[in-house]
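User: Could you walk me through the structure below? I'd like to talk about charged pairs and then about strands.

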Amino acid sequence: MQILEFGSEGSGDGQLKLPQGIAVSGNQVAVADSGNARLTVWTSEGKWVQAVKFDGDQAFSFPLGVAFSPTPVVSDQRKNRLVFLKPDFTFDSVTSPSEPYRVPMGLAGRVGRLALADSENNAIRLLTDESLSATLDKLGLVNPADVKWTDDGRLVISDWGNQRLVLSSADGIQAAERKLDFSPGLISLDPKGNLYVPNGPGQEIRVFDASLEPVKTISLTGTPYPAAVLWVDGRLFVT
């Protein structure tokens, strides 16, 4: 397995500062460049494409989660909102200020449907066509960091505050859990259902199968505090 590295520290083209969430659509890789208050776009080979940044009320404050549903969506943590972009990454819309998000974190996208880890509300929010459709708040979550859809329509949740992983039905019924010895970050699934979980303090990626049984550990010695991981075509992108 390859771990692809690209970018350098800074705020210019081809640079990142506090990169967080990462998502892919076709040959496009979008990274939440949190420290620079922008979204950056690369090719899957690591070639710089563009920075996405807005002014005024549209401006990002601290973008963190990224997904495609099928167009780009970004969770703006400090503004407690989701930002919806057009296919060319121009601004489209934001969730209403009346939406109940508090510190929105990781996102998972399907066509027309989103799942959001709403961290300080200890809940997973489900959206259909940009509108809130369900709240999953009976799973005992504490500051969930991320959520991902499985191929069979279930949810895998990175339960940061409880140091565990949770497998749930789409209506919020827990099917399995895996206790950890660290607080998991932003996670990724591969086509076989294997789950990749960054262990920041341990400088490693833990891998679990579709039933949350441990498979292996990938060492990232020398990589300072990995926050997010993305599996794409046999390669791992790590921020």
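Analyst: Let me begin with a term: buried means under 20% relative accessible area, exposed means over 50%, and partly exposed lies in between, using a 1.4 Å probe and protein chains only. This is a predicted model, in which local features need pLDDT of at least 70 and side-chain atom pairs count only at pLDDT 80 or more, while totals for chains, interfaces and linings use all residues. Residues are numbered from 1 along each chain as its sequence is written, and side-chain values use heavy atoms, with hydrogens and water left out.

User: Are Asp-118 and Arg-125 buried or exposed?

Analyst: Both Asp-118 and Arg-125 are buried, and their side chains meet in a salt bridge at 2.8 Å, N to O. A salt bridge here is a side-chain nitrogen of Lys or Arg within 4 Å of a carboxyl oxygen of Asp or Glu.

User: How many salt bridges are there in the whole structure?

Analyst: The search finds 11 salt bridges, and one of them joins the side chains of Arg-164 and Glu-177 at 2.6 Å, N to O. Arg-164 lies in strand β18 and Glu-177 in strand β19, so this pair ties together parts that are 13 residues apart in sequence. Strands are DSSP runs (E, at least two residues), numbered from the N terminus.

User: New topic: which way do the side chains of β24 point?

Analyst: Val-229 and Trp-231 point one way, Leu-230 and Val-232 the other, and all are buried. Strand β24 also forms a hairpin with β25, with 2 residues between them, and the two pair in the antiparallel sense over 4 bridges, where pairing requires at least two DSSP bridges between the strands.
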